[in-house]
Amino acid sequence: MLKDCLFCKISEGEVPSYKVYEDEKVFAFKDINPQAPIHIIIIPKKHISGLNTVRQEDERILGCIQIVASKIAEQFHEMKRGFRVIANCGSDGGQTVFHIHYHLLGGRVFGWPPG
Ligand code: 5GP
Ligand code: ZN
């Protein structure tokens, strides 16, 4: 856990959130400012600042997050026809919280390319 990291605090329960999934290594909660009818943030409990700082040793946890995204999506009928998973990285990528996270979005049709 990194002191003063919002998502570390959320995964520790120090900052309240609407939890949708938790296991030993992964935590998922509803986004406070949803961009779709379903908008869930999935994080590793381990503090990693972003996709630009991952290491080979993070291979397993990053794989687990994709499996968790798929499992969560299965639970929502709104995502039966599909969903989107996004990781914003760095300032150009639109990242605002520097604890790596994956947005799981569903319940509407998404355009491409993204803005
Ligand atoms: P980013 O912009 O870094 O890709 O995504 C950060 C996300 O975290 C944003 O969608 C934002 O709404 C969400 N967020 C920021 N602060 C909080 C918070 O305190 N609680 C929750 N549940 N989500 C947050
Ligand atoms: Zn953190």
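User: How many bridges join S3 to S5, and in which sense do the two strands run?

Analyst: Strands, at least two residues of E, and helices, at least four residues of H or I, are DSSP runs numbered from the N terminus. Two strands pair if DSSP finds at least two bridges between them. Here S3 and S5 run antiparallel and are joined by five bridges. One of the residues involved is Ile40, whose bridge partner in S5 is Leu104. This is a predicted model, in which local features need pLDDT of at least 70 and side-chain atom pairs count only at pLDDT 80 or more, while totals for chains, interfaces and linings use all residues. Residues are numbered from 1 along each chain as its sequence is written, chains are lettered from A and ligands numbered from 1 in the order written, and side-chain values use heavy atoms, without hydrogens and water.

User: What is the order of the strands in the open sheet?

Analyst: The order is S1-S2-S3-S5-S4, five strands with antiparallel pairing. S1 (19–22) and S4 (84–86) are the edge strands, each pairing on one side only. From one strand to the next the twist averages 20°, taken between lines fitted to C-alpha atoms (for helices over the stretch in contact), with angles from 0 to 180 degrees between N-to-C directions. Helix H2 (residues 59–74) packs on this sheet and touches S1, S2, S3 (38–44), S4 and S5 (102–106), contact being heavy atoms within 4.5 Å. The direction of H2 makes about 155° with that of S3.

User: Are the residues of S3 buried or exposed?

Analyst: Buried means under 20% relative accessible area, exposed over 50%, and partly exposed in between, with a 1.4 Å probe and protein chains only. Seven of the seven residues of S3 are buried, so S3 is largely enclosed by the rest of the structure. Ile38, Ile40, Ile42 and Pro44 lie on one side, and His39, Ile41 and Ile43 on the other.

User: Which residues coordinate the zinc ion (ligand 2)?

Analyst: Donors are N, O and S atoms within 2.8 Å of the metal (3.2 Å for Na, K and Ca); water is not among the atoms, so sites may look incomplete. Cys5 (SG), Cys8 (SG), His47 (ND1) and His99 (ND1) coordinate the zinc ion at 2.0 to 2.3 Å. Cys5 is buried, with a relative accessible area of 6%, and Cys8 is buried at 1%.

User: How many disulfides are there?

Analyst: A disulfide is a pair of cysteine sulfur atoms within 2.5 Å. The count comes to zero. The sulfur of Cys89 is 15 Å from the closest cysteine sulfur, in Cys5, which is too far for a bond.
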